[in-house]
Amino acid sequence: MDFVERYQTVFVLIAILGGLALGQVSGVAPIADHLILPFLMVMLFAAFAGIPLSRLRSAFGNRRVVGSSLLINFIWSPLLAVALGAIFLRDHPALWVGLIMLMVTPCTDWYLIFTDIADGDVPLATSILPYNLVLQLILLPLYLYVFAGELVALPVELLVESVVLVLVVPLVVGGIARWGLTRQLGHEWFTRKFLPKLSPLQIIFLSLAIGAMFASQGEVILDNPGLLVLLAIPVIVFYVINLGIGFGVGRVLSFSYKEMVCFNNTILSRNSPTALAIAVVAFPHEPLIPLALVIGPLLELPLLGVIAQVHVAIRNRDWWPFDLPAFFNRG
């Protein structure tokens with residue numbers, strides 16, 4: 001990880017504090033409100049330009065891991081999000097919707113870093129990315145319609161418009177940019193020179209978008225300081241439950257250590273920036289929904305860092321029973 005990636009949480013915290021401070025200045029809030037979506041669009045372009053959709057077919061070379069990951073992400077996790085919301089957020093429907101949006105959008109980038117840190121199977125993790133992206137693109141409107149339609153006003157036309165605007169447009173532009181740059185300058189240049197710049201760009205523009213959101217909605221936040229803390233409880237419970245499920249599935253299906261690390265990271269990491277971008281457009285009159293999604297990056301990176309160290313400890317202490325001799329004798 002470079003400097004920006006390593007300190008992403010710090011950048012987000014600075015953006016929050018800076019946004020709250022700027023939001024107290026007269027005239028800043030309406031300007032900041034108009035900047036949120038452009039910042040998020042640049043961030044999503046940077047994310048999508050780095051995703052190799054050509055790997056869709058190759059992912060199913062390992063059906064046990066990929067199939068299990070997709071089942072957990074797109075069937076189990078949405079149901080778990082609804083249940084956790086019913087337990088912890090029944091009196092706060094906007095936060096409940098924010099939790100659902102966070103939990104039904106699996107990550108399409110950051111989890112690769114933590115898979116690599118713990119010596120997991122990075123190529124396998126990379127091959128799952130396109131499926132996570134395509135399926136959440138298709139299923140997110142359906143999940144919101146089914147699970148959130150009774151919690152808040154859900155304008156279907158605006159929801160579809162938001163998906164097209166913040167997902168399809170950056171995806172198409174990112175794909176064209178990837179194809180054009182690879183064709184003109186070569187795959188090696190794209191991989192070595194261009195791709196490394198995308199990750200810091202995502203973090204910078206995500207931080208700018210979060211700062212703008214806190215500047216535009218500072219009054220709402222200051223009036224409800226305990227709500228984001230309240231949301232942190234079901235988020236942490238989600239990670240604990242899914243980590244336990246990850247280890248359980250890995251043992252039942254005899255995943256190797258590398259496969260287990262890859263699997264756990266794919267079912268734990270969430271795509272909060274994408275969910276945030278959709279929430280900004282789809283729920284203009286429910287500011288607590290996008291604000292709820294800001295807690296994602298604040299909690300996700302520290303939690304994934306801790307989980308990476310748990311994986312490393314399991315490897316170092318020979319606690320994982322499958323393929324460890326082969327793992328230690330590689331090379």
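In helix α5, the buried residues are Ala94, Leu95, Trp96, Val97, Gly98, Leu99, Ile100, Met101, Leu102 and Met103, where buried means under 20% relative accessible area, exposed means over 50% and partly exposed lies in between, with a 1.4 Å probe and protein chains only. Because 10 of the 11 residues of α5 (residues 93-103) are buried, this helix is largely enclosed by the rest of the structure. The model is a predicted one, in which local features need pLDDT of at least 70 and side-chain atom pairs count only at pLDDT 80 or more, while totals for chains, interfaces and linings use all residues. Residues are numbered from 1 along each chain as its sequence is written, and side-chain values use heavy atoms, with hydrogens and water left out.

**The chain as a whole**

- The protein chain contains 16 helices and 0 strands; helices (H or I, at least four residues) and strands (E, at least two) are DSSP runs, numbered from the N terminus.
- Of the 331 residues in the protein chain, 53% count as buried.
- Among contacts in the protein chain with a separation of 6 or more, 85% are between residues 24 or more positions apart, a contact being heavy atoms within 4.5 Å.

**Helices α3 and α13**

- The axes of helix α3 (residues 28-49) and helix α13 (residues 272-282) come within 10 Å and cross at roughly 150 degrees; axes are lines fitted to C-alpha atoms, for helices over the stretch in contact, and angles run from 0 to 180 degrees between N-to-C directions.
- The two helices α3 and α13 are therefore roughly antiparallel to each other, since angles over 145 degrees count as roughly antiparallel, under 35 as roughly parallel, 65 to 115 as roughly perpendicular and the rest as oblique.
- On the α3 side, Ile36, Leu37, Leu40, Met43 and Leu44 meet Pro273, Thr274, Leu276, Ala277, Val280 and Val281 of α13.
- The residues of this contact between α3 and α13 divide into 10 nonpolar, 1 polar and no charged, with Ala, Val, Leu, Ile, Met, Phe, Trp, Tyr, Cys and Pro counted as nonpolar, Asp, Glu, Lys and Arg as charged, and the others, Gly among them, as polar.

**Aromatic pairs**

- The count comes to 7 aromatic pairs, under a rule by which rings of Phe, Tyr and Trp (its six-membered ring) pair if their centres lie within 6.5 Å, with planes under 30 degrees apart counted as stacked, over 60 as edge-to-face and the rest as tilted.
- The ring centres of Phe190 and Phe194 are 5.3 Å apart and their planes are at 35 degrees, so this pair is tilted.
- Phe190 and Phe194 are 4 residues apart in helix α9 (residues 187-216), and they are therefore separated by about one helical turn.
- Phe190 is buried at a relative accessible area of 0%, and Phe194 is buried at 18%.
- Phe238 and Tyr239 form an edge-to-face pair, with 5.7 Å from centre to centre and 85 degrees between the planes, and both Phe238 and Tyr239 are buried.
- Ring pairs also link Trp189, Phe190 and Phe194 into a cluster.

**Two individual residues**

- Ser69 lies in helix α4 (residues 63-88) and is buried, with a relative accessible area of 0%.
- Apart from its neighbours within four places in sequence, Ser69 is in contact with Ile128, Phe263, Thr266 and Ile267.
- Arg178 belongs to helix α8 (residues 156-185) and counts as buried at 17% relative accessibility.
- The C-alpha atoms of Arg178 and Ala49 are separated by 5.7 Å, although these residues are 129 residues apart along the chain.
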